[in-house]
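Here is a walk through one protein chain. Keep the sequence and the model side by side as you read.

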Amino acid sequence: MKENLLYEALAIAANDVGVRLDALDGPYLHDTASWREHCALTHIPTTSQGAFYPALLQSHVATENPCALSVLFHEHIGHGLFYLHSPIGQHLRTLEQEVLASSNSDACSFVKPHLPAIEGFAVWTEKYLCHELGLDTLWERRFASLDPSLREAYFAVEAENKRFGPWGVWYGAGLPRKYTLTELNFFCRRIFGTQFPKIDFALL
């Protein structure tokens with residue numbers, strides 16, 4: 001796996017989304033033996049390819065599979081962006097920290113209704129970064145291997161992307177960003193369509 005591509009992907013996230021991910025821990029990359037040990041310690045299936053722990057802001061990826069780089073984008077950058085910078089992700093991270101400290105079970109009930117949006121955003125981020133880095137073949141291989149529920153979650157986010165562009169996806173996730181006039185013009189044209197010339201004032 002070309003780890004230097006992770007740094008290029010992080011630079012894209014910092015430039016395009018407008019936020020940094022320096023506060024994240026990891027990523028931790030595992031060979032087969034190390035991954036089995038990690039799964040045994042954390043009680044996750046050995047068939048999984050990666051994991052993100054919101055309370056720790058920590059990502060782990062099994063490297064010995066052909067889609068490891070895409071999974072790395074999913075876990076470290078996709079989930080990292082969501083849990084570090086979105087309001088829902090920050091709230092969930094706080095709840096999970098309370099779970100670790102006091103056995104508060106609220107996090108489990110809170111995350112369930114948001115899980116499709118959380119996973120959909122992470123999968124969409126994979127696709128976005130693969131495309132930006134010219135790794136479309138990798139994305140096609142990864143997409144073909146996705147569980148149907150992840151595909152469905154991805155399509156929901158991709159529908160927002162087709163309607164509003166990537167800025168709309170980031171805005172919808174609640175990620176903080178200062179938009180340029182050019183971006184706002186593009187965004188408003190996507191929203192208002194043929195009615196845009198008639199708009200004098202818009203509050204987004």
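**A guided tour of the fold**

Leu57 is buried, at a relative accessible area of 8%. Buried means under 20% relative accessible area, exposed over 50%, and partly exposed in between, with a 1.4 Å probe and protein chains only. Leu57 sits in the loop between β2 and β3 (58–62). Its phi is near 50°, a positive value in a residue other than glycine. Most residues other than glycine have a negative phi, and most peptide bonds are trans.

This is a predicted model: local features need pLDDT of at least 70, side-chain atom pairs count only at pLDDT 80 or more, and totals for chains, interfaces and linings use all residues. Residues are numbered from 1 along each chain as its sequence is written, and side-chain values use heavy atoms, with hydrogens and water left out.

Now the overall layout. The protein chain has nine helices and three strands. Helices (H or I, at least four residues) and strands (E, at least two) are DSSP runs, numbered from the N terminus. Along the sequence the pattern reads α-β-α-β-β-α-α-α-α-α-α-α. The protein chain has 204 residues, and 46% of them count as buried. Take the contacts in the protein chain with a separation of 6 or more: residues 24 or more positions apart account for 64% of them. Contact means heavy atoms within 4.5 Å. The protein chain exposes about 11200 Å², with 56% supplied by carbon and sulfur atoms. Accessible areas come from the Shrake-Rupley method with a 1.4 Å probe; for residues, only the protein chains shown count as cover.

Return to Leu57 from another side. Arg93 touches it, along with Pro54, Ala55, Tyr83 and Leu84, not counting residues up to four places away in sequence. Arg93 lies in helix α4 (residues 87–102). Is Arg93 buried or exposed? Arg93 is buried, with a relative accessible area of 16%. Arg93 and Ala55 are 38 residues apart along the chain, yet their C-alpha atoms are separated by 5.0 Å.

His43 has a positive phi of about 60° although it is not a glycine. His43 lies in the loop between α2 (32–42) and β2 (50–53). His43 counts as exposed, at 71% relative accessibility.

Next, two of the strands. Strand β1 spans residues 25–30 and holds Pro27. The peptide bond that joins Gly26 and Pro27 is cis, with omega about 10°. Tyr53 is in strand β2. Tyr53 and Asp25 are 28 residues apart in sequence and 9.7 Å apart in space, C-alpha to C-alpha. Which residues does Tyr53 touch, not counting residues up to four places away in sequence? They are His38, Thr42, Ile44, Gln58 and His60.

Then the helix pairs. Axes are lines fitted to C-alpha atoms, for helices over the stretch in contact, and angles run from 0 to 180 degrees between N-to-C directions. Start with helix α1 (residues 4–17) and helix α3 (residues 68–85). They pack at an angle of about 35°, with their axes 11 Å apart. The crossing of α1 and α3 is right-handed. A crossing is left-handed if the near helix is turned anticlockwise from the far one by less than a right angle, and right-handed if clockwise. From α1 come Leu5, Leu6, Ala9, Leu10, Ala13 and Val17; from α3, Leu69, Leu72, Phe73, His76, Ile77 and Leu81. The residues of this contact divide into 11 nonpolar, one polar and no charged. Ala, Val, Leu, Ile, Met, Phe, Trp, Tyr, Cys and Pro count as nonpolar, Asp, Glu, Lys and Arg as charged, and the others, Gly among them, as polar.

Helix α3 also packs on α6, at an angle of about 80° with axes 9 Å apart. That makes α3 roughly perpendicular to α6. Angles under 35 degrees count as roughly parallel, over 145 as roughly antiparallel, 65 to 115 as roughly perpendicular and the rest as oblique. Here Leu69, Ser70, Val71 and His74 in α3 meet Leu138, Trp139 and Arg142 in α6. By class, this contact has four nonpolar, two polar and one charged residues.

Finally, follow α6 to α7. The axes of helix α6 (residues 136–145) and helix α7 (residues 148–164) come within 8 Å and cross at roughly 125°. α6 and α7 are therefore oblique to each other. Trp139, Phe143, Ala144 and Ser145 in α6 meet Arg151, Tyr154 and Phe155 in α7. Five nonpolar, one polar and one charged residues make up the contact of α6 with α7.
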